[in-house]
Structure formats: C-alpha cells, structure tokens
Amino acid sequence: MKNISKYIPITQWAKSYNKEWLRSDIIAGITVGAFTIPEVMAYVSLANVPPEIGLYAAMVALLVYMIFGSSRQLSIGPTSTISILVGSTLGSLAIPNASQYMMMVSLIAVATGLLGLISWTLRLGFIVKFISKTVLTGFLAGIALLIAAGQLPKLFGITGGSGTFFERIYYLILHLDQTNIYTLIIGISGIILLYIGHKKYPKLPHTLFLVIGSIIVLTITNLSAFGVEVVGTIPQGLPAPIIPDPNLIDLNILITLAVTVFLVSYIEGYLFAAEYAAKYQYKLNSNQELLAFGASNLMVGIFQGLPIGGTLSRTAVNDDNGAKTQLSGGVSALIIILVLLFFTGVFYNLPEVILASIVLYVIKGLVDIPHFRSIYRFSKIEFIIALVTLFSVLFLGALEGIVIGVILSVVGLLKNMYNPHIAILGRIPGTNRFLDIQRHLEGEIFSHTLIVRIDGSQIFLNTENIKDTLIDLVDHKYKDTKLFILDFESSAFIDYSGIEMLEELYGELKMRGIKLKAANMYGPLRDSIRKSSLEKKIVENEVSLSIEEYLKNWDEYNQQKKN
C-alpha cells in the first residue's frame, strides 16, 4: 500500500492537512473557479469547440490533478496555446461533421494522456528540458500573434477566415467593410474594462464581472437583433464517458500532434509549478507531474474534453488568494460542477465577442519583449532561433513552428559540441593559476611546453575536429613543443571515440618527439582512462597530477638529462 501511496500525493498531504489552511484553500478555489469558467469558454473557441467542452475539461482536470499532482499552487485546464495547436491542426483537415470533430479532439486528449503515462513509467521527467526557453519564448509569441489574428475578426463581428497568420490578417483587411459596429464597441469596451480592472484591482475576478455584465446588457437590450452573436444554449449536466475511435485521424498526424501537445502541456505546466515550488521551498517531482498530466489528459479525453495544460494566469490567481494545498483545485472543480448542473442557462446571452476580448487581453503577455531583449543580449544565435520559431508559427502553423524550433535548438547544441572551445593556457605571474592566454594576455608561456584545455566533453561528434586542431598547433604555431599537457579540468565526459582520439594523438605526438601528459583528470574521466592502454602513458601517478606538478617533473627530468 505504501508503494502505491507514494504515487498519489493526496494520500500524503491530506494526512497532515492543517485545518487553518481550509479557509484559504476554499477562498482560492472559489476565486479560481470564477476565473476559470469564462476563460476556458474563451480558450476552447480557439479549438473550434463549444463552450461546454472547456468546462468539462477544466472540471475533470482539476479533480484528477488534485489527486496526482505534486504542486500546491498549479491550476490546470484548457489553455490558449494547446487550444490553438489542436484547432489549427484539425482545422486543416477535411472533417465531415461536428460530431466527428469532437471525437477527434477527445482522441487527441486520450493520446496525450497515454504519452504522459508511458513517459512516467519510463521516468522521462528530464524531458522538461527538451524545449529550451529560447524556443518557448519564440513559440509563445508566435502563438499569441496567431491567436490574435484568429480573434480579431470576431472582435469586428466578421465571420470566416482561417489559415496562417498572414492569411487571416489578409482576410480581415479584405472584409473590414463588413464590420458590425455594435460588436466592435462591445469587444473594445471589454478589453478596456479588463485592462483598467487588472491595473486597479488585480485580485478580483474581472473576467467573471465582465461576463456577467455583458450578459445583463444583452438581456435587457435587443443588441442581438443588430447582429451581436451570443453563445446560446449550453447543455446542462455532466459529460458522459466515451471511448474515441483511434482510426478517426491519420496515425502520423495523431502521433505528431499528441507529442507536441504533450510536450507543451507538460513543460509549460512544470515550469509554472516549479516557479511556485521555489517560492515556497518545497520539492516538485518531475516524474510525478508526468503521471498527473498524463492521468488528467486521459480522463479529460474520456469525458469529452480537449487536452489541458498548466495555466500561469489562474495559477497566479490561486497563489494570490492564499492557496495552501491542491484542495483549492478541487474546490474550483466543484464550482464548475455546480454551474454545469444548475446554471448553464445563465450564459445563453453571453456575447461571443466578449470571449474574444478575454483571449486578446490575456495573450498579450505571451509576447515577452523584455525576454527577447535578454536573449538578444546573451546570444545572437539563440535570438535568431527564437525569431525563426516565431515566424515558423506565423508562416507554417503552430505544430510546424515548434518542431522547427526544437530542431534548430538541437542543431545549435550539436554545433557547440562539435566545436568545443580549445584554450591555450599560460601561468598568471606570481601564482599557480593557468588561464586562457587569449583572455589573459599576461599569461606566461613556457619554452618547449604547450598547455591546452578543452572546454567540453570528448565524444564521437567532435573527436576528429579536436585532434586535427591540436596537431595543427604543434605543426605550425608551436613547432618547438616537447611537452604537451592536456588539462581535463573542464571535461566532464569522454566516450570510446574520445579514448581512441587520445590514443591516436599520443601516437602522432610521439612520432614528433613530443610527450603527452593528462592533468587534472578526476572521477569518471579517470575511470575511463584506466580501461584503456593510456593509463601508464599519459598519467604519471595514481592521483592525477596538476599542471604545476607536471612542469616541476619536466624541469627535474631536463636537469637529469643535462647532468
């Protein structure tokens, strides 16, 4: 039983639950529930599904995460990013009817959940590092602009429009003459009210106030007669379980989309959760989060929802209102259940443009200009990767954009591994420190001695390049070399190809009358050398010698030769 309970955090935190936390958890749960209802109804419109699907997904996800999640503050449910991923991909397919479309949405959630559970079984929590923050910054900015391009026609009361960012903007420009002025006024008013509300009273549920206010306005006026579209009937009651047919979608599309949604869902959620775990100094289990997100998505799919992820806005609201444990998520789910059972009729006169206003206001934070500036200052290459990811999303779509971004990140990483920095070291006068002479011009070079440090591991990818560079040094710039010291202080790992490279280097230097010695070789690196014939050739002692010790031995050796 103990083995099972360690995978179900609720069995642990519930036992030690402090009654003093209950009030904070209830208040936070009610507040987040109030934020969640209008937000998820807005977000799921990006996936071209009815509002109730967002409520189903949020309700189920919050309940499951309360049981399996290890974050005390994280709030999960439909997100704008995942909704646009699903909507833009399925929107490009020829789907005969709405019923089949909904089945496909649920199927993606189930597939995403299964990937999470498989990853948990294989303990693949490290994949949280798979998408770099550089790629994520470009991807989220591209997603925000793509979402905006899809929501702007709704803001103007214009129907239709699909495709890439530029196709949507072009469609909007062509049809501006069809603008419904009443819809536009309501939409812009909604954005302004959200902006003022968040500035003046950041802890209040402004989206809920806006939704209620707009419903009242549409109920007491006849604006719907002037073309202002409303949400209409939302089915009352809880969703029935279904088993989506896996043959509905081409397998390649299903796997690619599910993998992408899973990575975005897990990585975004984990990053948000980690931020609050660090704030409150408790441990977040990356593998447990795989189980939590996997189980949540699986159950969401079975109960007619679309894939879910962690949401920064609602997590922040949860924390601001004092959430102490995962119970606050259960309270939020209870609020949604009450709405589904008794109050769906309230939303009949909700203007659709208000949902577009909410989305447009929320996504502005996804275009993180300060973060782009920081990336630019740190690395021009990474900045280019972020921009390429952004424009790939705009030109090609969300799915293609993130794939291109990840590929570019991996290529950039491989490039750095292929070309590790090779530093020629000199002794800083008056010390025993040996530093890169390119950065420290005062570094002292010893006669007939070349000291080199490789800043990186020696692996199959770079061994040939490293060896060629080292041989080139002794054949040209440092022809008088008699002692070649390789400093391994910055080398964490060496594989079999690296060992072979060192053996070849030893042989080529020996033919040139040059001794090769390895300094500062410790731990796993030394263990690898012991398994080869190099042990007695390039390491003179049981304990790896320092550069200074090798130089001292070399002086003694030369003195003995003279005598």
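Modeller: Gln-281 lies in the loop between helix H11 and helix H12 (286–302). Helices here are DSSP runs of H or I with at least four residues, strands are runs of E with at least two, and numbering starts at the N terminus. This is a predicted model, in which local features need pLDDT of at least 70, side-chain atom pairs count only at pLDDT 80 or more, and totals for chains, interfaces and linings use all residues. Residues are numbered from 1 along each chain as its sequence is written, and side-chain values use heavy atoms, with hydrogens and water left out.

What is the phi of Gln-281? Near 55°, a positive value in a residue that is not glycine. Most residues other than glycine have a negative phi. Gln-281 is exposed, because its relative accessible area is 74%. The cut-offs are under 20% for buried, over 50% for exposed, and partly exposed in between, with a 1.4 Å probe and protein chains only.

Gln-304 sits in the loop between H12 and strand E2 (309–310). Its phi is also positive, about 65°, and Gln-304 is not a glycine. Gln-304 counts as partly exposed, since its relative accessibility is 24%.

Next comes helix H13 (residues 312–320), which holds Asp-319. Asp-319 counts as buried because its relative accessibility is 7%. Setting aside neighbours within four places in sequence, Asp-319 is in contact (heavy atoms within 4.5 Å) with Gln-73, Tyr-276, Lys-279 and Tyr-280.

The term means a side-chain nitrogen of Lys or Arg within 4 Å of a carboxyl oxygen of Asp or Glu. Glu-39 pairs with Arg-314 in this way, with 2.9 Å between the closest N and O atoms. Glu-39 is in helix H3 (residues 22–43) and Arg-314 is in H13, so the pair links distant parts of the chain, 275 residues apart. Glu-39 and Arg-314 are buried.

Val-230 is in the loop between helix H10 (206–220) and helix H11 (251–280). Neighbours within four places aside, its contacts are Leu-218, Tyr-348, Asn-349, Leu-350, Pro-351 and Glu-352. Val-230 and Phe-347 are 117 residues apart along the chain, yet their C-alpha atoms are separated by 8.8 Å.

Leu-238 is also found in the loop between H10 and H11. Leu-238 counts as partly exposed because its relative accessibility is 46%. It belongs to a nonpolar surface patch of about 640 Å², together with Leu-334, Leu-338, Leu-341, Phe-342, Phe-343 and Val-346. Patch residues have over 30% relative accessible area and no salt bridge; nonpolar side chains (Val, Leu, Ile, Met, Phe, Trp, Tyr) are joined within 5 Å, and like charges within 9 Å. Accessible areas come from the Shrake-Rupley method with a 1.4 Å probe, and for residues only the protein chains shown count as cover.

Further along, charges take over the story. Glu-508 and Lys-467 form a salt bridge at 3.3 Å between the closest N and O atoms. Glu-508 lies in helix H20 (residues 496–511) and Lys-467 in helix H19, so the pair ties together parts 41 residues apart in sequence. Glu-508 is partly exposed because its relative accessible area is 22%, whereas Lys-467 counts as buried at 15%. A network of salt bridges links Lys-467, Asp-475, Glu-504, Glu-508 and Arg-512.

Asp-527 and Arg-530 also meet in a salt bridge, at 3.4 Å from N to O. They are 3 residues apart in helix H21 (residues 523–530), so about one helical turn separates them.

A patch of positive charge gathers Lys-482, Lys-510, Lys-515, Lys-537 and Lys-561 on the surface. Lys and Arg count as positive and Asp and Glu as negative, with His and the chain ends left out. Each charge is placed at NZ of Lys, CZ of Arg, CG of Asp or CD of Glu. Lys-482 is in the loop between helix H19 (463–477) and strand E6 (483–487).

Finally, the whole. The protein has 23 helices and 7 strands, and 53% of its 563 residues count as buried. Its C-alpha trace spans about 110 × 60 × 50 Å along the principal axes. The search of the whole structure finds 10 salt bridges.
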